[in-house]
Amino acid sequence: MVVFSIFASYSKVPIMNVVLVIFILILFFYFLKWLFSFPLKEHPNRKYKDLFGLNKEECKLLNKQLPLIKEHFSLDICIEETIRFYIHVYREIPVYRRIGPGLNRQLMQYCIYLIRNKYDFRPDSMNQISTFQENFIADDIALIEELTQYIPPLTDENEEQLFTHDNQRWKRKFDKLTQAFDINQPDDFYGKVIRLASLNKRSRLMDIRNIYYKSYLFMVQHHKEISLKFYLHYLNVKSASDTFKHKQISTRNESRLFSSKEQKNKFDAICNRLQKDNKLEEALEEINVLCLPVRKKISLNISSIQEAKEKQTKVAQLLSTYLDDKIVSEISETNTIVENQQEVAGDNQKELFDLFTANTFRLNQQEVHIFAQSKGLFKDQFIESINDQFYEILDDLLIEEDGEEYILNEEYYTRVVGR
């Protein structure tokens, strides 16, 4: 007020007039600030004119149609792609066939319909489509349908936004995955479900749980290992304050997923550890081990083997009685050759087994190749002959190939070769 008094004394203007002028200026300032804070409301095309390179006529079109777009979409990505597609369609239709003002709204509705279906975002039948198709010639309809290929795909960020604004979207996506499921590519289905769940990370926890639980149920009939992995993912979806009670595996599904009570108990232990330490990757690795096929236990009956050997000897003796000396001689020579070959083969096997046992029952394929070559043998045929020799007893392979290595089954070696 002191300043105002000094100013008034020099200018001979009443103080109240000065205060009034300042008050009016302040009001005018706030009015301008308020006015320019709503440029899009007054001029909605300002945001999109430069973005899409709109001309004057296109700006007028958009001015009329923008409220309709915002009735259907609140997300910027949907609004912008609808405008982009609408302008693209408008520019592609020949000038002499461009529609009049009365049908512009129907064209925009059709573009909205196509964007919704392209992005699988709250799709609907839109009754106006039949009306639209009645009012437009077939060439224009075909052109519009063809232009949908230029609608760009969504980024992961955009996908996450759409999932948060449409809580039924994950169900439609999941149904499409199950319909396209290929029994020969279960890992592909597993990867796509994991991605679907990750894109719903901004959505409700219940949605993510449902994705994994439905996946577990779906795979029970198709792939036991992946079904159990989905169940672990389902258990692992929780927050710090989460008190959700997870569904247990039903008795019916237990009989499908587990071959024994012992296997079920091991799985329960994995689940309990996961819920305590939240180490999902370790739990998934344990499922890989749990689901390995159980090797059939072999027990050799030594007395039966000895009995069969004695019978074979008696047969040979009977044959020698009825065959002439020449044939007996030829058989004897043949047996000698076979016995010598078997002795050599047995020595080669023993040396190879010694190499395996000295290297924790694993050998590099190159090492086996060098060994076989030193004996005048081919590596693959040598390994195959050993497996063939013991296959009738084991009903399985004694030596297995694992990438760049061969593995000698320690259990089989102990039971069969060791004896």
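In what order do the three strands of the open sheet run? The order is E1-E3-E2, with antiparallel pairing.

## Ground rules

This is a predicted model: local features need pLDDT of at least 70, side-chain atom pairs count only at pLDDT 80 or more, and totals for chains, interfaces and linings use all residues. Numbering starts from 1 along each chain as its sequence is written, and side-chain values use heavy atoms, with hydrogens and water left out.

## The sheet

Strands E1 (362–364) and E2 (399–402) sit at the edges, each pairing on one side only; pairing takes at least two DSSP bridges, and a strand is a DSSP run (E) of at least two residues. On average, neighbouring strands here are turned by 25° against each other, direction ignored.

E1 pairs with E3 (residues 405–408) over three bridges, in the antiparallel sense. Arginine 362 has isoleucine 407 in E3 as its bridge partner.

## Helix H5

H5 covers residues 56–72; helices are DSSP runs (H or I) of at least four residues. There's a kink of about 40° at glutamine 65, shortly before proline 67, where the bend is the angle between axes fitted to the seven residues ending there and the seven starting there.

## Cysteines

Searching the whole structure turns up zero disulfides, meaning cysteine sulfur pairs within 2.5 Å.

Terms used:
The expected span of a helix is 1.5 Å times one less than its number of residues. Axes are lines fitted to C-alpha atoms, for helices over the stretch in contact, and angles run from 0 to 180 degrees between N-to-C directions.
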